[in-house]
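Visitor: I am new to this structure and would like to be taken through it step by step. Could we begin with the overall picture and then turn to the details?

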Amino acid sequence: MSTALLEDRTEFVQFLIDLELVKMQTYLDVGTLNWLYNNVDDASILKTTLNYYGVVIKQSPPSLIGAALMATTANVLSMDTETAGEANRVLEMLLQRGRVRAKRDWTNLPTISELLLKMLGSFSSIHYAEVTTFTRQHLFPEPFQELFIWAVLNNRNALAMLFWRYADDAVPLGLIGCNLYHKIARALPTYDTEGQIMLTNQKSYLEQTSKEMIELCYSKSNV
């Protein structure tokens, strides 16, 4: 799953979730989410947003969780399913990029928590903590919500929409997403009109879909 997320393989991620080849309630722990934030191929938008909102990037000690995630992916290769070929290709890409070597993380979850607090005005989670022996395996109670935020902050819109559809509280999460897209667009340089338009369109789509869901719920409540 982790390698598919890093490679932005939305259809493959959906395949893993729908067939329950990955149990999301036991997949996303503190160590995994921290690793995902640190191993996105292009984190330029997230770094720009951190800088714009004055969040100092706090580095963490070298993380070894990448090796564990690679081993988990390798286990998929031995499965006699149609996922093996895709998993093998994704794993090879990950190895070629050298993402699984032990290295110093460029950011951490407390830094992301501070950013979300500044962008949303209110954010608090005991799970956005430093990765330690004690916190590494703490599971997130709402994994789709956390992955939605990760995808939005890293400009992975197709994945964001996928996780949004799976989330339990889609309407409030959609409004949070609209706020994040708006704030990220403000952080982009003025010359990046293409990026601003893309984020504005994504915000508008999410906003419209959330409104339609609210109207649908309201109409059903009056039946």
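**A guided look at the model**

Guide: The secondary structure of the protein chain, in this predicted model, comes to 12 helices and two strands.

Visitor: In what order do the elements of the protein chain run from the N terminus on?
Guide: The chain holds 12 helices and two strands. Read from the N terminus on, these elements follow the order α-α-α-α-α-β-α-α-β-α-α-α-α-α.

Visitor: What share of the residues in the protein chain is buried?
Guide: A residue is called buried when its relative accessible area is under 20%. Among the 223 residues of the protein chain, the buried ones make up 48%.

Visitor: What part of the accessible surface of the protein chain belongs to carbon and sulfur atoms?
Guide: The accessible surface of the protein chain comes to about 11400 Å². Of that surface, the part belonging to carbon and sulfur atoms is 54%.

Visitor: How are the rings of F123 and Y128 arranged, stacked or edge-to-face?
Guide: The structure holds five aromatic pairs, and F123 with Y128 is one of them. A pair of aromatic rings is described by the distance of the centres and the angle of the planes. Here the centres are 5.2 Å apart and the planes stand at 85°; because an angle over 60 degrees counts as edge-to-face, the arrangement of F123 and Y128 is edge-to-face.

Visitor: Which parts of the chain hold Y128 and F140, and how many residues apart in sequence are the parts that this pair ties together?
Guide: Y128 and F140 form an aromatic pair that is edge-to-face, with 5.8 Å from centre to centre and 75° between the planes. Both Y128 and F140 lie in the loop between α8 (109-120) and α9 (143-153), so the pair ties together parts whose separation in sequence is 12 residues.

Visitor: Are the residues of the cluster that ring pairs link, F123, Y128 and F140, buried or exposed?
Guide: Ring pairs link F123, Y128 and F140 into a cluster. F123 has a relative accessible area of 18%, Y128 has 5% and F140 has 1%. Because each of these values is under the 20% cut-off, F123, Y128 and F140 are buried.

Visitor: Over which ring does the charged end of K47 sit?
Guide: The charged end of K47 is placed 4.8 Å from the centre of a ring, and sits over that ring. The ring belongs to W106.

Visitor: With which residues is T10 in contact, leaving aside its neighbours within four places in sequence?
Guide: T10 is found in helix α2 (residues 10-18), and with a relative accessible area of 17% T10 is buried. Once its neighbours within four places in sequence are left aside, the residues in contact with T10 are A158, L159 and L162.

Visitor: How far apart are the end C-alpha atoms of helix α11?
Guide: Helix α11 (residues 170-187) has 18 residues, and at 1.5 Å a residue it should span 26 Å.

Visitor: What is the phi of D8, and where does D8 lie?
Guide: D8 is partly exposed, with a relative accessible area of 37%, and it is not a glycine, although its phi is positive, at about 60°. As for its place in the chain, D8 lies in the loop between α1 (2-6) and α2.

Conventions:
Residues numbered from 1 in each chain as written. Predicted model: local features only at pLDDT ≥ 70, side-chain atom pairs only at ≥ 80, totals over all residues. Heavy atoms only, no water. Phe/Tyr/Trp six-rings, centres within 6.5 Å; stacked < 30°, edge-to-face > 60°. Buried < 20%, exposed > 50% of the residue type's maximum accessible area, 1.4 Å probe, protein only. Helix = DSSP H or I, 4+ residues; strand = E, 2+ residues; numbered from the N terminus. Lys NZ or Arg CZ within 6 Å of the ring centre and 35° of its normal. Contact = heavy atoms within 4.5 Å. Expected span 1.5 Å × (residues − 1). Areas by Shrake-Rupley, 256 points an atom, 1.4 Å probe, with all protein chains shown as cover.
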